[in-house]
Amino acid sequence: MRRIVIAIASTITGLVLLFSWPTSLNRGAALAAQPAAGGTGSGTSSGSTGSTGTSSGTSGGSGASSGTGKGSTSAQSGSSAKDGTYTGGTAQTRYGPVTVQITVKGGAISDAQATNYPNGSRTDQRINAYAIPVLNQEVVQAGNANIQMVSGATFTSYGYLQSLQSALDKAGL
Amino acid sequence: MSTATQEHRGTDEPHDQAAPGRDRGVTPAPGLPHRAWVEQIMGMPISVHVRGPRARDEVVAAAVADLFDELRAVDARFSPYREDSELRHLQRGEVDLADASDEMREVERLCRTAWARTDGWFDAWHSRPDGLFDPTGLTKTWGVARAARHLDRLPGLGYAIGAGGDVLLTPPPDGEPWLIGIEDPRDRSRVLATVPVSEGAVATSGTAARGAHILDPRTGAPTTQLLAASVVGPSLLWADVFATAAIARGASAVDWVSTLHGTSGLLVLADGSVHRWANAV
């Protein structure tokens with residue numbers, strides 16, 4: 001039984017890659033492979049490249065357009081799994097390792113969360129770029145990040161002279 | 001009008017770890033040539049950055065000049081300050097909308113759409129005390145998105161256009177997203193968040209630069225419940241409209257932004273708390 005659940009969890013790892021979107025606030029972790037809103041559409045890399053070799057036949061499904069990846073996949077095995085939390089195997093994706101934890105309640109998966117996201121800022125940025133861009137939470141002093149443009153309340157021509165954007169423009173990059 | 005032009009040239013050489021820029025925290029992405037221009041148009045700085053193998057070509061510089069020219073034309077038509085602008089003629093009743101230019105009628109249509117899409121919180125007919133129709137909240141980003149087509153014609157070039165705090169982006173050929181900083185409205189030397197965007201827009205409205213200048217269309221009073229609203233989305237014009245509407249709405253924008261599909265962003269409330277969102281399409 002436990003093996004089945006873990007297999008499901010591993011499969012969901014892939015699904016979460018496809019569908020997950022941190023709709024709840026301040027989740028912060030930015031991972032999703034949904035096509036970009038702007039229609040760039042590329043790079044969605046179907047997620048289930050799992051090294052764990054599950055074959056529950058659920059993955060794919062890239063036709064779905066929305067969804068938060070939470071619990072919508074029914075565990076169709078019929079035999080009821082014990083309530084609890086299970087952690088799936090770690091899937092190697094093109095963006096790095098991803099691990100998913102699922103919660104089983106009443107024999108059905110009630111929640112699925114990625115507990116381990118790819119690290120490395122470059123990679124993170126690339127993932128985000130192909131999905132809906134997610135704002136990170138780090139507060140940085142201007143100039144301490146690799147920022148290329150600043151969005152802020154309308155600069156006046158005078159205010160621009162002191163602005164961050166002015167410095168970035170001058171840096172010529 | 002003053003159009004002091006500054007031009008900043010990027011370097012052609014790939015930057016290594018010891019590049020001077022790194023010490024200042026302004027680290028260019030390695031590889032692609034990069035070039036930036038700035039002009040003051042419509043009373044605000046317009047920054048254009050381009051990245052691509054041909055960033056230094058004259059054809060790119062010519063396209064950027066065309067972009068600036070078009071923005072000056074938009075300003076001449078839509079300026080609420082120039083007495084000879086078409087907008088002023090319209091406001092004084094010297095010309096009917098039906099006889100106005102295609103551009104004016106398009107902007108007026110967009111204002112009506114924006115009114116509907118924001119439940120009336122973006123209101124070009126009640127955005128100023130005298131009650132005159134004033135689409136200024138929309139013409140800036142409308143003009144920038146329109147003028148950007150001069151750069152769209154150039155293959156293998158990504159660009160970032162910053163127009164007084166609103167940013168429009170297309171991906172450079174290496175696919176490396178632009179990294180956009182969201183200014184902290186309480187301390188404009190700080191960045192509150194960063195967001196990588198390959199293609200799309202980031203718009204911010206708020207009170208940091210010009211004080212409380214966005215009016216609640218229902219009361220006519222300046223709104224002060226939000227310090228800033230930043231919206232990331234596929235369209236510059238709509239990101240800007242939504243950011244402005246969020247400021248007008250005030251604190252209730254916290255709930256409203258959850259209805260803006262395919263956007264992310266943040267709101268800074270008057271007490272300094274920050275609300276973030278990211279909505280699936």
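**Stop 1: helix 4 against helix 5, chain B**

Select E103(B), E106(B), V107(B), L110(B), C111(B) and A114(B) in helix 4 of chain B; they meet L138(B), T139(B), W142(B) and R146(B) in helix 5 of chain B. Contact here means heavy atoms within 4.5 Å. By class, this contact divides into 6 nonpolar, 1 polar and 3 charged residues. Ala, Val, Leu, Ile, Met, Phe, Trp, Tyr, Cys and Pro count as nonpolar, Asp, Glu, Lys and Arg as charged, and the others, Gly among them, as polar.

Before going on, note that this is a predicted model: local features need pLDDT of at least 70, side-chain atom pairs count only at pLDDT 80 or more, and totals for chains, interfaces and linings use all residues. Residues are numbered from 1 along each chain as its sequence is written, chains are lettered from A and ligands numbered from 1 in the order in which they are written, and side-chain values use heavy atoms, with hydrogens and water left out.

Now show the axes. Helix 4 of chain B spans residues 102-117 and helix 5 of chain B spans residues 136-147; their axes come within 11 Å and cross at roughly 120°. Helices (H or I, at least four residues) and strands (E, at least two) are DSSP runs, numbered from the N terminus. Axes are lines fitted to C-alpha atoms, for helices over the stretch in contact, and angles run from 0 to 180 degrees between N-to-C directions.

**Stop 2: helix 5 against helix 7, chain B**

On the helix 5 side, pick G137(B), L138(B), T141(B), W142(B), V144(B) and A145(B); on the helix 7 side, L236(B), L237(B), D240(B) and V241(B). This contact has 7 nonpolar, 2 polar and 1 charged residues.

**Stop 3: T170(B)**

Jump to the loop between strand 5 (166-169) and strand 6 (178-184) of chain B, where T170(B) lies. Is T170(B) buried or exposed? At 11% relative accessibility, T170(B) counts as buried (under 20% relative accessible area; exposed is over 50%, partly exposed in between; 1.4 Å probe, protein chains only). Beyond four places in sequence, T170(B) touches residues including D152(B), Y159(B), W178(B) and E199(B).

**Last stop: confidence**

Colour chain B by pLDDT, the predictor's confidence in each residue, from 0 to 100. Chain B averages 86, and 87% of the residues score at least 70. Over residues 1-29 of chain B, pLDDT stays under 50. Where pLDDT is low, the predicted coordinates should not be read in detail.
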